Amino acid sequence: MSGFSNFAVSFSIVSILSGCLTLYGMGLNTGGPAVITWGWPLVGLLTLCVGMAMAEICSAFPTAGGLYYWSAKLARRNGPAAAWFTGWCNFMGQVAVTAGVDYGAAFFTNAFLDLQFGFAATPEHTIAIFAVILLLHGLLNTRGVRLVALLNNVSVWWHVAGVAVIVGALAVLPSKHQSVGFVFTEFVNNTGFRSSFYVACLGLLLAQYTLTGYDASAHMTEETHDAARSGPRGIVNAILVSLVAGWVLLLGLTFAIQDYDGALSSSTGVPPAQIFIDAVGTTGAKLLLLIVIGAQFFCGMASVTANSRMIYAFSRDGALPGSKLWHRIDPRTQTPTNAVWLATGGALLLGLPALWNSTAYTAVTSISVIGLYISYVIPTFLRLRQGDAFPRGPWHLGRWSRMIGTVAVGWTAVITVLFMLPTVNPITAVSFNYTPVAVAVVLGFAGLWWLVSARHWFTGPRVHGLVPQDGPAGAPAEESTT
């Protein structure tokens, strides 16, 4: 992969046309326009600190293992344990991101099919579409990295052009627009909770879920030229471009709202789809939906790519049940085919509770944020403890490293607690946020396995072909054990 292709993977997974729009309805209920408008730049700047702290470490250790390899290298003691729990958190977050992205794509696809063919937007139909999308992503990802790189390059321009078309249509075609005061100050609370501060904090999930997955640039470094520079740039540029373009998209969509309550009660089940219909008519809405669905499809494909590489690297080191199966490489395409199917199968299982739980999608997005950001912050925290002993790569933060790393750790601690909290009141079996349960099951299994068995044999990542800091991906390196 070129440096641009490496950036394209992360940018495609961040996918503002996926994250922003699939959780937009949640944003309308949880804080409304004020939290949507101001939450995005706030979360974006804090996320940029997390991304820059990660990028600095990526430059020093460019390898497909990424985060869990970094933890092993940076821990002053108990490196294998640090790598073990970082890897399991990243695995959980990666699978949840794939589920969240493809389930969001299924939402919008079902809305389009409802408008075009009367295929009703029901949980059963959405799950069926979800399964088909996962199957397609699995098949594409087994065809080889060159096809994936090509599609991700196309994805970048699809997203940029798509945002321009959608915002342009919503700016020009509607008969009226909301006022500046409405977009920047209107606060809405349909959660059942009384505390406006609590509701506003919950509303930040829209932005934080969207701005995840940029660790993909680290996972793809073993397939990227000049990895020690291209990987970090891919991480940071994916966040920066998404931050600007995403805010433009959210502002354009919020100004174009014609009927607030009508959008929330839309028969399509997708508030942005109803906003499109009210603003530009049914035919125009269908065209805009196709743009969004295309972007979401690209996003899900890139997510499966990154997820499979993480599974491959983690199982290469024996850290997943059935590791010998998951790290096999197809001799024809040179891709970890079995890891691809584990990624898609795990995502399908995580999305199934949506059949009976109305807040399941919110829970999936929360799981992805918590899993990924814990795995982001463990190596960042260990890097802070290293101080001046940290072996800097060619891309680094200089004297700003400690301050940026501290902000990253603090923000991650906040959102880890925040997004496990209830999102709807009263709390029932149907509205229960099962995020804490899912996180506890995964980490409990990993912890129990570690105590009973893995601590006796897991010695940390075994490096195969680690990319030198001044050389291209694929350059040979002596195999070693951390």
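The side chains of Arg383 and Glu56 meet in a salt bridge, with N to O at 3.0 Å. A salt bridge here is a side-chain nitrogen of Lys or Arg within 4 Å of a carboxyl oxygen of Asp or Glu. The pair ties together distant parts of the chain: Arg383 sits in helix α18 (residues 360–386) and Glu56 in helix α4 (residues 32–60), 327 residues apart. Helices are DSSP runs (H or I, at least four residues), numbered from the N terminus. Both Arg383 and Glu56 are buried; buried means under 20% relative accessible area, exposed means over 50%, and partly exposed is in between (1.4 Å probe, protein chains only).

A quick word on the model: it is predicted, so local features need pLDDT of at least 70 and side-chain atom pairs count only at pLDDT 80 or more, while totals for chains, interfaces and linings use all residues. Residues are numbered from 1 along each chain as its sequence is written, and side-chain values use heavy atoms, with hydrogens and water left out.

How many salt bridges does a search of the whole structure find? It turns up 2, and here they are.

| Salt bridge | N to O distance |
|---|---|
| Arg383 and Glu56 | 3.0 Å |
| Arg229 and Asp226 | 3.3 Å |

In the Arg229 and Asp226 pair, Arg229 is partly exposed at 31% relative accessible area, and Asp226 is partly exposed too, at 27%. Asp226 has something else going on: its phi is positive, about 50 degrees, although it is not a glycine. Its place is the loop between α12 (216–219) and α13 (227–255).

Ser15 is another non-glycine residue with a positive phi, near 40 degrees. Ser15 belongs to the loop between α1 (3–14) and α2 (16–22), and at 1% relative accessibility it counts as buried. For context, most residues other than glycine have a negative phi, and most peptide bonds are trans. On the peptide-bond side, Asn425 and Pro426 are joined by a cis bond with omega about 5 degrees. Pro426 lies in the loop between α19 (401–418) and α20 (435–452).

Now for some helix packing. Helix α7 (residues 123–141) and helix α15 (residues 271–316) pack at an angle of about 55 degrees, their axes 9 Å apart. Axes are lines fitted to C-alpha atoms, for helices over the stretch in contact, and angles run from 0 to 180 degrees between N-to-C directions. Angles under 35 degrees count as roughly parallel, over 145 as roughly antiparallel, 65 to 115 as roughly perpendicular and the rest as oblique, so α7 and α15 are oblique to each other. On the α7 side, Ile133, Leu136, His137, Leu140 and Asn141 meet Phe297, Gly300, Met301, Val304 and Thr305 of α15. The residues of this contact split into 6 nonpolar, 4 polar and no charged. Ala, Val, Leu, Ile, Met, Phe, Trp, Tyr, Cys and Pro count as nonpolar, Asp, Glu, Lys and Arg as charged, and the others, Gly among them, as polar.

Ser71, in helix α5 (residues 67–74), is buried at 0% relative accessible area. Beyond its neighbours within four places in sequence, Ser71 is in contact (heavy atoms within 4.5 Å) with Ala82, Ala83, Thr86, Ile378, Pro379 and Leu382. Leu418, in helix α19, is buried at 10%. Leaving aside neighbours within four places in sequence, Leu418 touches Cys201 and Leu202.

Technical notes. Helices (H or I, at least four residues) and strands (E, at least two) are DSSP runs, numbered from the N terminus.
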